[in-house]
Amino acid sequence: MESLWRPAALLFAVWSCCCGQRVFWVSPHTGSTAGATRLTISGDGFAQERQFQLDPEDGQFGNRVTLVSDALSVPCDVERDSTHRQQILCYTRAMPEDQYVVHVSVDGVPIPDVNICNGNYKPYHCSLYTRWWRTPTIYSLSPLTGLPGTLVTIRGRIYSDVYGSNTDLSSSGLNVRFLRSYMGGMPCELLKPNSDELYNLQLDSETSNWGYMSCRTTGTYVGHHNMSYILDADYGRSFPEKNLFWVSSLSRLSMFQTFAGMLVRNAASDSCSSADFLLTSCPEVTAVSPSQGSVMGGTLLTIHGRFFDQTDEPARVLVGGRPCEVQSVADDRITCRTAGRPADDHRQVHPGGRGLKMDVWSDKRPRSLDEIWSYNQNTSGYRSQWIDTLPHVFPREDDLFASRTRGFLISPLSGNFNIYLHCDDRCDLYLSNSSRPEDKVKVAFQPRYVGDFFQLESQKSEMLFLEKGKPYYLELLQQEYYGIASLNIGLFQEESSFTAAQSDDAVDEIQDIVAEYEAFDEEQVLTFDSWSSGVAAVREVQKVSVSSGCASHLCGSTFFSLRYGNAQTGDFRAPPPASRPLCACETPDGLVFSPAGLVPVSASAEELQAALNNLWSIKPDSVTVTKQEDAQGSHYTVTFNSDRGDFAPLNFEIFGSDTNVSVSEVTKGQSNMAAFTLSWAGFPAAPVAFNATASEVQSVLEDLMKADCPVEVLTTQGTNVKYFNDFEDPEFTAAQSGTPEDHSGFCGFWSLKNADALFRETFTKESGGQYGPVSLDQHPTLCFAYKGRLRDEMGVKFSYSDSSGQTQTQTSRISTVFSSGDRWSYKCVDLQSALQTAVVGSRFLLQELLLYRDASAADYYVDVVHIGKTPTAMDENGAGQTSS
């Protein structure tokens, strides 16, 4: 069953002028999907910073802001120093593209929806739209590794070339500036030391949002980092492209790696190990002393360098491939005690530092790549270097050369891997199952130039099991002919914790879950045993006492509310008596509201009686109210005109700090036992005789499960209403447009699914005959309920008299705004005003009203379609532009 319709959510927002919190608007309305957009929330009644707080850890204290979409609820981090009674500043977090409505809690109490932008559903003025075109980006980062203090450069959609100025516009004309940049949580400085000169901050052109930014990293931490920058205005934090991330030695995604002397190779080593998938350069170690020691071990070594004490993992030293027991670690030195070297260990190559050793011989054309093994330092054209990243791109001028690259691969995890190979022009990959070069075997090869990793089956190794932390010797042989040369390997892990949202190389697991169940109808049995009859009824009487310190001329503007069951006075629109002054609550955008339906503390007995008799939880019964006044305040005697018996005490809510309300039972009600009442989820059904028939009970229960229509829209056709259809007669509805759907109504049981026409002049009346065209001079307003996804326009076919008196027929489209989703919405549109805006003429006659699905082609539903003289609800999304 659809939840019962709440007229207050549709018609009027209930405001209290004397107290209560509310949200008027938020700014800006667009922001970054990566977060850090500074959001200003304007309203009233927010918590202010207090001088004393008994429990500083109280999570309910102060203001809490949450941004809510149809799928997510995301906190917005409040900046307390800039927050006061009428304003909250908060910074957004990363959120997918969507519309997010702001929700605020003050000292643990949520501001109700009716006090957020006038109670409108998904209001624009209280929403933030995260959009890709308001999100700065990082498209590339260079270099990928370096010492702390490395100058890095990013390219991306940066929007601005202004930093540190409150007045200058960007050369693109945008009023946006760089605020700050980070690498690994530490500032990345855009300015050169002790100057106002930027390293590099430039846009591609005055019409481009793309450009470059350079900054120098700070801090001394050695490990893996991610980079971001923040712009002001609507823009916020940058979003990095997924291809910027590498898998670190800790199996985390990172964009940049700092390094220092964490691993040391001995003098005999001519190769280094990689710390992770991202192969990085050998460490910078300035000195090792002493330079000689016993082969039996026990020598105390001191390694001099920088940044040794702030690392992802504790410092580890290898000497001759064997651990050197660390004694102490400081920022600039490590001391360790060497281990003995086994007598049978004659290896000349050991896992040690980081990076890969690359030997290059220019002007070489080997017939087979195996010839490269015969080359050495004395072979003509020789040079060598350490490379710290793969892929490696050679200088443009390098042609006709051969290379041999050696090192160690250390897997961050144990598991099954495939190794992929790609180069320009041809290459072989060898890998050992140990750290010994003599154990190497060819695992992949590329015999000719191809464009990427996946074009030849030979570029992919067999599935290999790699053990976490174990060094595997690898060797790459390569030959280049002409053009730009490159060399690269990649690892693909069979099982990974990463998802396709994090990496384009990840494949999300898909599992098909089949659930089988048996459904059983609920069965309940009511048994009446020894039912008493002829009992004299006693009517319930309760006393409501109200006192307030308001001045007499203000008591008409101080309010309280009474509740019985799930219904509360103030939930319904009720025009106040002319004798009662209204409180005008004006919001900053000029909208004026009155607290319709609330009860003033100076209310007469008739006013309180009318308010209580409006509660559906009391109907079909009623109450009678009398009033007495004394020095303690006003006392209302409420008599329940019902034979139901005992009623629960009325509950109350106060809208004034100096107002007191109390409720007491004067006479306990006693039923005459002529009937009983069933309730479901707090909603009472109509009374039923204890000996009622099965069909009578069924009828009462069906009425209980039906969403009732409010009196404002439950209208009959006549002088004021030309056309009304609630689709409750499915046989009659089937002759109209759309498919009748049971148990899906906005109110009642039925609604109309995928109705392409809300109205046609050829529609048939229930009494017979066609409606014919509708005069918009007499009935200009369309109102209806809807849910689903509709295109933001309606088709209108109409006729009118032009300036020469000739009758013209035209089809146009009215631009409007429809809310999307599975929740019912209600809309009223002034059709006559919309058409008069587009066409000069008079005597407009409506012939057709059409709806259109949006691009998703999802189902939609309509209900209670009304064409009449006046709107049944106030609606901000009325007709907009009209086009032919």
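Are Phe-798 and Tyr-800 buried or exposed? In this predicted model, both residues are buried. Their rings also form a tilted aromatic pair, with 5.8 Å from centre to centre and 35° between the planes.

**Strand E60 and its partner**

Strand E60 spans residues 821-830 and is mostly covered, with 7 of its 10 residues buried. Strand E57 (residues 781-788) runs antiparallel to E60, and 7 bridges join the two. Within this pairing, Phe-784 has Lys-827 of E60 as its bridge partner. The charged end of Lys-827 also sits over the ring of Phe-818.

**Aromatic pairs**

The structure holds 28 aromatic pairs. One of them joins Phe-746 and Tyr-826; the ring centres lie 5.9 Å apart with the planes at 20°, so this pair is stacked. Phe-746 belongs to the loop between strand E53 (739-741) and strand E54 (751-753), whereas Tyr-826 belongs to strand E60, so the contact ties together parts that are 80 residues apart in sequence. Phe-746 has a relative accessible area of 4% and is therefore buried. Tyr-826, at 7% relative accessibility, counts as buried as well. Elsewhere, ring pairs link Tyr-723, Phe-759, Phe-763 and Tyr-771 into a cluster.

**Charges over rings**

The table lists two lysine residues whose charged ends sit over aromatic rings.

| Charged residue | Ring | Distance from ring centre |
|---|---|---|
| Lys-440 | Trp-373 | 5.2 Å |
| Lys-827 | Phe-818 | 5.5 Å |

How values were computed
Residues numbered from 1 in each chain as written. Predicted model: local features only at pLDDT ≥ 70, side-chain atom pairs only at ≥ 80, totals over all residues. Heavy atoms only, no water. Buried < 20%, exposed > 50% of the residue type's maximum accessible area, 1.4 Å probe, protein only. Helix = DSSP H or I, 4+ residues; strand = E, 2+ residues; numbered from the N terminus. Pairing = 2+ DSSP bridges. Phe/Tyr/Trp six-rings, centres within 6.5 Å; stacked < 30°, edge-to-face > 60°. Lys NZ or Arg CZ within 6 Å of the ring centre and 35° of its normal.
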